[in-house]
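Work through the exercises below with the model open. Each task is followed by a stepwise solution.

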Amino acid sequence: MKNVNWKELFIDILVDIVAGMIIAVGIYNFALNADFPVAGFSGIAIILYHLFGLPVGAGTIILNVPVAIFCYKFLGKEFFLKSMKSMIISSLLMDYVAPLFPVYDGSRLLAALCMGVLCGIGYAMIFMRGSSTGGQDFISVAIKKVKPHITLGIITFVLDICTIILGTALVFKDIDGLIYGVVVTYLMAMVMDRIMYGIDEGKMTLIVTDKGAEIAEQIDAYSGRGSTILKGIGSYSKKDKDVVMCACNNKQMYTIKKMVHTIDPKAFTIIVESNEVVGEGFKEELSDIEL
């Protein structure tokens, strides 16, 4: 036990509790009685709940045991143990804490939206700690190890759709439910991506100009952010060019574009989306987590 980082373990457990509670409320208090299928092992557990009355959390644990044993060698010890911890905590909260809160019985659409947003937030919090909630995540990682040429997104999408179709066929038996299930899955993925990769979303610009130093100086004076000046050669003119590379937020880019045009009307400006900017002057990178 010498190598245990107790502070890190405490933070992991705290995040698991908060994220697990958010996920539990999203599934139990919004999705369970709204009659639409849910993707992942939670979706299969909901099917078992409707067919046999098995609590969702208990069903999730039962489903995870054989999958965890089968996939252990593909996952690595650390990722496996952290994922099992997260899964058990979220499952217990699902069965013993979420029922203490009122269940939403209103619009299916609102239930689907709330479930998608809440679960997206909860899963993102867990994934950002280098963990998962087991189940389908284990299967996705295992398939990716065996078939590395298939993207994780495609694997997850196919598994999600299979679960949604299964839930529709066995329990809900209506097209509206199928549509809600697809909407929830898409919304959950979008929320997760936004939290994990899009918090620092902004723009990146490449400015091809003869006045790179002057433009970089003005950008720094306006935004307080340094720029990088790269050296380029025009493929047609064969003349030396400066390429000013700058990352900034969405609000600053409009002014920077006008500023560039004022300094050098002939400048060639490329503006692209930047999901996340990490480094000095922006957000510090977290330490790498071994999976």
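**Exercise 1.** Which residues make the nonpolar surface patch of about 510 Å²?

*Solution.* Note that this is a predicted model.
- Step 1. The patch is made by Leu-109, Leu-110, Leu-113, Ile-175, Ile-179 and Val-183.
- Step 2. Assign the helices: α5 (108-127) and α8 (175-197) each supply at least two patch residues.
- Step 3. Check one member. Ile-175 lies in helix α8. Its relative accessibility is 59%, and exposed means over 50%, so Ile-175 counts as exposed.

**Exercise 2.** Find the parts of the chain that the salt bridge between Arg-108 and Asp-174 ties together.

*Solution.*
- Step 1. The closest N and O atoms of Arg-108 and Asp-174 are 3.3 Å apart.
- Step 2. Arg-108 lies in helix α5, and Asp-174 in the loop between α7 (152-172) and α8, so the bridge ties together parts 66 residues apart in sequence.
- Step 3. Arg-108 is partly exposed at 23% relative accessible area. Asp-174 is partly exposed at 26%.

**Exercise 3.** Are Lys-82 and Asp-12 buried or exposed?

*Solution.*
- Step 1. Lys-82 forms a salt bridge with Asp-12, with the closest N and O atoms 3.6 Å apart.
- Step 2. The pair links distant parts of the chain: Lys-82 sits in helix α4 and Asp-12 in helix α1, 70 residues apart.
- Step 3. Buried means under 20% relative accessible area. Lys-82 has 12%, so Lys-82 is buried. Asp-12 has 7%, so Asp-12 is buried.

Technical notes
Residues are numbered from 1 along each chain as its sequence is written. This is a predicted model: local features need pLDDT of at least 70, side-chain atom pairs count only at pLDDT 80 or more; totals for chains, interfaces and linings use all residues. Side-chain values use heavy atoms; hydrogens and water are left out. Patches are made of residues with over 30% relative accessible area and no salt bridge: like charges are joined within 9 Å, nonpolar side chains (Val, Leu, Ile, Met, Phe, Trp, Tyr) within 5 Å. Accessible areas come from the Shrake-Rupley method with a 1.4 Å probe; for residues, only the protein chains shown count as cover. A salt bridge is a side-chain nitrogen of Lys or Arg within 4 Å of a carboxyl oxygen of Asp or Glu. Helices (H or I, at least four residues) and strands (E, at least two) are DSSP runs, numbered from the N terminus. Buried means under 20% relative accessible area, exposed over 50%, partly exposed in between (1.4 Å probe, protein chains only).
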